Amino acid sequence: MDQAVGWAPARTRAPGIVKTAFVHRDTQDAVAQLAAALGPDTLSLVVLFVSGNANATQIIARAADRFAPTPVVGCTTAGELAGDGYTEDQIVAIGLPATHFETRAILVPDLNDFSAPDIIHEMIRNRTEMGEARPEWPHEFTFLLIDGLSTKEDALTSELALGLGPVPLFGGSAGDGTRFGHTYVLHQGRAHENAAILTQVRTRCPIKVFKTDHLVPTSQRMVVTDADPSKRIVREINAEPAAREYARVLGKDPEQLDTFTFAAHPVVVQIGGQHHVRAIQRVDENGDLVFFSAIDEGLVLTLAEPMDMISHLGQEIGALTQSAQPDAILGCDCILRRLEAQQKQMTGALSEILSDNNVVGFSTYGEQFNSIHVNQTLTGVAIYPPEDDGHD
């Protein structure tokens, strides 16, 4: 186990509208250091991304007390996006000042038993309240954090689509490093399993919600011929044992399949004319493939090959910064992207791009974009300074 690093002030980036701070998970009085670094501004919301190696229950309890009455939401991670790009064993804090943001957070406490109509009703009510409170602020987005081991991301996002209206949604599935043991979402001083938090934001800042991946579909296709959709398990592909057939298509030894293989050789499905990744999480002992997202019999899987991550990320960030430089970019980045970067020794170059463009967030077990749960993507929101930067 890592030794405590003792007292250390939280790091921050250059002052901006969105406040950010970062500390090592073992820093003494970590929450106090984060609060000091976020500064004295009145905040509408604090978001915490907490290393899976930290005591999330303790951290959220202290944060709720320290930041009160400001609400605090967050989740555990499979790695963090902080001041230096890709990092680990950190706690990332993001503060949204009340001068620029109006927020509402909805807890879905039990993903096995939720009422979509009730949640949608609350979403509509919140939008109305925020519109009445800040009618002069025209921009909105919704941010979803969800237990990454719940297997309920697909169901929740599709059910809530009717409640979004014209408001874009993005989000990420909470992580637990590479252990896949327990993941938590954080809300009102507690760490929750099998739960989700839907945060609605109205802002004076122009925003752009985005999704990107660096994968190109090939001509190689496979058909799922036996599956357990409720558990995201594929037993057979092309009427053959799933792991063995997947390995055969790749020209690899089925005994050598691992997370790096899945990151480098993902499969995609076509939905509405666009490809979406259906990432493989692991091989079960019996040779079944366990996926990160929805899977079903009859689904056609297309093998995809990655483009160069560095040039692709540079182009995608360039598109977000072409007309104006974002004040900050809040990002949800799939753990498989991080693992691919490590395997290909691209972490440093990617981190430089992320750091230079003020990208903060976390590595996920899956991502959400509008009504779809996806994998192996970077989703997020770019937040731009308003033309009128005066405060009310």
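Predicted model: local features only at pLDDT ≥ 70, side-chain atom pairs only at ≥ 80, totals over all residues.
Me: At what angle do helix H8 and helix H10 pack, and how far apart are their axes?

Reply: Two packed helices are described by the angle between their axes and the distance between the axes. Here, helix H8 (residues 309-321) and helix H10 (residues 347-356) pack at about 10°, and their axes are 9 Å apart. The axes are lines fitted to C-alpha atoms, for helices over the stretch in contact, with angles running from 0 to 180 degrees between N-to-C directions. Helices (H or I, at least four residues) and strands (E, at least two) are DSSP runs, numbered from the N terminus. Residues are numbered from 1 along each chain as its sequence is written, and side-chain values use heavy atoms, with hydrogens and water left out.

Me: What do you call the arrangement of H8 and H10?

Reply: H8 and H10 are roughly parallel to each other. Angles under 35 degrees count as roughly parallel, over 145 as roughly antiparallel, 65 to 115 as roughly perpendicular and the rest as oblique.

Me: Which residues of H8 and H10 meet?

Reply: From H8 come Met309, Ile310, Leu313, Gly314 and Ile317, and they meet Ala349, Leu350, Ile353 and Leu354 of H10. Contact means heavy atoms within 4.5 Å. The residues of this contact divide into eight nonpolar, one polar and no charged.

Me: On to cysteines. How many disulfides are there?

Reply: A disulfide is a covalent bond between the sulfur atoms of two cysteines. The rule used here asks for a pair of cysteine sulfur atoms within 2.5 Å, and by this rule the count is zero. Cys75 is in no disulfide, as the nearest cysteine sulfur, that of Cys332, is 7.5 Å away.

Me: Is Cys75 buried or exposed?

Reply: Cys75 has 0% relative accessibility, so it counts as buried. Buried means under 20% relative accessible area, exposed over 50%, partly exposed in between (1.4 Å probe, protein chains only). Cys332 is buried too, with a relative accessible area of 0%.

Me: What does the side chain of Arg232 make a polar contact with?

Reply: The partner is the side chain of Asp154, at 2.8 Å. A polar contact is a pair of N or O atoms within 3.5 Å; within protein, one must be able to donate a hydrogen and the other to accept it, and residues adjacent in sequence count only if both atoms are side-chain atoms. A polar atom of the Arg232 side chain also lies 3.4 Å from the backbone oxygen of Thr151. Arg232 sits in the loop between strand S15 (215-228) and strand S16 (233-237), and at 4% relative accessibility it counts as buried.

Me: And where does Asn53 lie?

Reply: Asn53 is in the loop between strand S3 (43-51) and H2. Asn53 is partly exposed, at 39% relative accessibility. Its side chain makes a polar contact with the side chain of Arg179 (2.8 Å).

Me: Which residues does a cis peptide bond join?

Reply: Most residues other than glycine have a negative phi, and most peptide bonds are trans. In this model, a cis peptide bond joins Ala68 and Pro69, with omega about 5°. Ala239 is not a glycine, yet has a positive phi of about 65°. Asn358 also has a positive phi, near 55°.

Note on methods. Nonpolar A, V, L, I, M, F, W, Y, C, P; charged D, E, K, R; others polar.
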